[in-house]
Amino acid sequence: VNTNFTRTCSRNLATALVTQGGGLPFESAFDLDTQNVDPKSILEDCKKTLAEEPGMGEEEFPVYLYEILGGACEKVMMENGKITVYTDAENIGRILNFLKNHTMTQCKVLTDMTAVDYPMKEQRFEVVYMLLSLRYNNRIHVKLSVDDFEGVPSVTDIFPSANWCEREIWDMFGIFFSRAP
């Protein structure tokens, strides 16, 4: 048995139990009284698990993301207390889908999307996706650079809220989004 996996599973269970406001999500599925198990003692054990076994720190998590994303990202950095993932237009859909659905990120909300113009750079535009994980109260920015004539794949199939932002970026900066509705 992989102890890291087991520890992660028990930590995820403990997190789920504690964030349920003290209630056990499986009380109705098991007759805890016949097993002489006190739900409150289980909750206390879970709280101890969370206190004794801290999660990844600010230094480890960007390294973890970089390793798991492999060649899809150029670099992952901690900037101003936020994680920033740098990628290219070819991998933007894969990165955003991963960040939205991965257990350790769960960035289910695209809060905003914008572009920045750096006229002196070869790839003068930087498109920035700002993601929010309500579960972990964490923000992750994803940035990619494009030139004047390069398009960016639309991400409306991953985040429908991107539709309006992509139209605004097209109007303000002239960056084309392929496959946009």
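This report describes the fold of one protein chain, from the overall plan down to single residues.

## Overall plan

The model is predicted. The protein chain holds five helices and seven strands. Read from the N terminus, the elements run α-α-α-β-β-α-β-β-β-β-α-β. Of the 181 residues in the protein chain, 34% are buried.

Take the contacts in the protein chain between residues at least 6 apart in sequence. Of these, 51% join residues at least 24 apart.

## The five-stranded sheet

Five strands build an open sheet. Their order is β1-β2-β5-β4-β3, and the pairing is mixed. The edges are β1 (73-79) and β3 (109-117), each of which pairs on one side only. From one strand to the next, the twist averages 20 degrees.

Strands of a sheet pair through backbone hydrogen bonds, and the pairing is either parallel or antiparallel. Strand β2 (residues 82-87) and strand β5 (residues 138-146) pair in the parallel sense, over five bridges. Here Ile 83 stands opposite Ile 140 in β5. By contrast, β3 and β4 run antiparallel, joined by eight bridges. Thr 114 has Val 128 of β4 as its bridge partner. Strands β4 and β5 also run antiparallel, with nine bridges between them. There, Phe 125 is partnered by Val 146 in β5.

## Strand β4, face by face

Strand β4 covers residues 125-133. Nine of its nine residues are buried, so β4 is largely enclosed by the rest of the structure.

The side chains of β4 can be sorted by direction. Phe 125, Val 127, Tyr 129, Leu 131 and Ser 133 point one way. Glu 126, Val 128, Met 130 and Leu 132 point the other way. All of them are buried, Glu 126 included.

## Two helices across the sheet

Helix α3 (residues 60-69) lies across β1, β2 and β5. Its direction is about 170 degrees to β1. Helix α4 (residues 92-101) lies across β1, β2, β4 and β5. This helix runs at about 175 degrees to β5.

The two helices also meet each other. The crossing is right-handed. From α3, the contact uses Leu 65, Ile 68 and Leu 69. From α4, Ile 95, Phe 98 and Leu 99 take part. These contact residues divide into six nonpolar, no polar and no charged.

## The buried side of α4

An α-helix has 3.6 residues a turn, so residues three or four places apart point the same way. In α4, the buried residues are Ile 92, Ile 95, Leu 96, Phe 98, Leu 99 and Lys 100.

What do the buried residues of α4 pack against? Their partners are α3, β1, β2, β4, β5 and β6 (152-153).

## The loop from α4 to β3

Gln 106 lies in the loop between α4 and β3. Its phi is near 50 degrees, a positive value in a residue other than glycine.

Lys 108 has its place in the loop between α4 and β3 too. Its relative accessibility is 46%, so Lys 108 counts as partly exposed. Leaving out residues up to four places away in sequence, Lys 108 touches Lys 100, Asn 101, Leu 132 and Phe 159. Lys 108 and Leu 134 are 26 residues apart in sequence, yet their C-alpha atoms are 7.5 Å apart in space.

## The hairpin of β4 and β5

Four residues lie between the strands in the hairpin of β4 and β5. Asn 137 sits in this loop. Is Asn 137 buried or exposed? With 69% relative accessibility, Asn 137 counts as exposed. Its phi, near 50 degrees, is a positive value in a residue other than glycine.

Terms used: Residues numbered from 1 in each chain as written. Predicted model: local features only at pLDDT ≥ 70, side-chain atom pairs only at ≥ 80, totals over all residues. Heavy atoms only, no water. Axes fitted to C-alpha atoms, helices over the stretch in contact; angles between N-to-C directions. Left-handed = near helix turned anticlockwise from the far one by under 90°. Contact = heavy atoms within 4.5 Å. Nonpolar A, V, L, I, M, F, W, Y, C, P; charged D, E, K, R; others polar. Pairing = 2+ DSSP bridges. Buried < 20%, exposed > 50% of the residue type's maximum accessible area, 1.4 Å probe, protein only.
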